[in-house]
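Morning, everyone. I'll take charged pairs to begin with, then a helix contact. Have a look at the model.

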Amino acid sequence: MAQSDFLYPENPRRRQEVNRLHQQLLDCLSDSFHVTNKLTGVLNTHLGCRLTFIEMKRDGTIKENCDIIIQAVIKIQKELQKVDEALKDKLEPTLYRKLQDIKERETEKIAIVQKVISVILGEATSAASAVAVKLVGSNVTSGIINKLVTVLANIGTSLLGSIGVAVLGLGIDMIIRAILGAVEKTQLQTAIRSYEKHLVEFKAASERYHHAITEVTSAVMKS
């Protein structure tokens with residue numbers, strides 16, 4: 001099959017665009033693994049969690065790798081839910097509501113958590129209180145994490161899900177061949193447009209996730 005059959009005829013610019021988008025996907029996946037492991041380390045160190053670090057499955061599909069991140073994030077969310085429930089149980093209702101109030105100063109929230117964190121964790125550290133406030137007392141952060149999970153799930157169930165991660169480093173011809181293995185040539189244009197849509201959403205969600213967790217680690221360093 002001629003190379004022109006792999007993508008739009010006489011459209012070399014489009015071939016380069018697809019190559020660029022695939023590399024961005026790989027970059028976003030790698031970054032999401034890295035940031036999730038960074039968050040795991042913070043929770044294990046400061047909140048006494050026993051979460052497992054994750055690793056990209058280089059011989060797996062995009063869906064398999066999306067699922068690895070999703071499962072890790074779900075476990076993180078469960079641990080944060082435990083902390084949230086403990087705070088709700090130990091704090092007076094008015095103080096707990098202050099933790100959820102976006103208008104309340106962060107320093108005040110940390111002071112509130114500091115009152116009961118030793119009862120919850122067995123010891124009291126300013127870093128633990130800062131982590132709890134950033135992750136448990138922030139609807140913004142939880143919303144960002146939920147959005148990442150949704151985007152990853154959508155990518156996994158899309159046409160992209162069946163493409164192997166390893167193919168991303170094998171050149172444009174292998175990428176297009178992988179896509180064509182899942183759809184008819186007449187559907188390729190639609191498939192590429194769908195691919196672009198998912199990648200735009202993934203990149204935005206990944207960047208927000210990275211920024212949010214960086215804020216958490218920065219708060220720990222300042223504590």
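Start at Lys 82: it counts as exposed because its relative accessibility is 51% (exposed is over 50% relative accessible area, buried under 20%, partly exposed in between, with a 1.4 Å probe and protein chains only). Lys 82 forms a salt bridge with Glu 79, closest N and O atoms 3.5 Å apart. The term means a side-chain nitrogen of Lys or Arg within 4 Å of a carboxyl oxygen of Asp or Glu. The two residues are 3 apart in helix H2, so about one helical turn separates them. Helices here are DSSP runs of H or I, at least four residues, numbered from the N terminus.

Some ground rules. This is a predicted model: local features need pLDDT of at least 70, side-chain atom pairs count only at pLDDT 80 or more, and totals for chains, interfaces and linings use all residues. Numbering runs from 1 along each chain as its sequence is written, and side-chain values use heavy atoms, without hydrogens and water.

The whole structure has 7 salt bridges. Another one pairs Glu 106 with Lys 134, at 3.3 Å, N to O. Glu 106 sits in helix H4 and Lys 134 in helix H6, so this pair ties together parts 28 residues apart in sequence. Lys 134 is buried, at 14% relative accessible area. Glu 106 is partly exposed, at 37% relative accessibility. Shared partners join Glu 106, Lys 134 and Glu 215 into one network.

Now the helices themselves. H4 and H6 pack at about 120°, axes 9 Å apart. Axes are lines fitted to C-alpha atoms over the stretch in contact, and angles run from 0 to 180 degrees between N-to-C directions.
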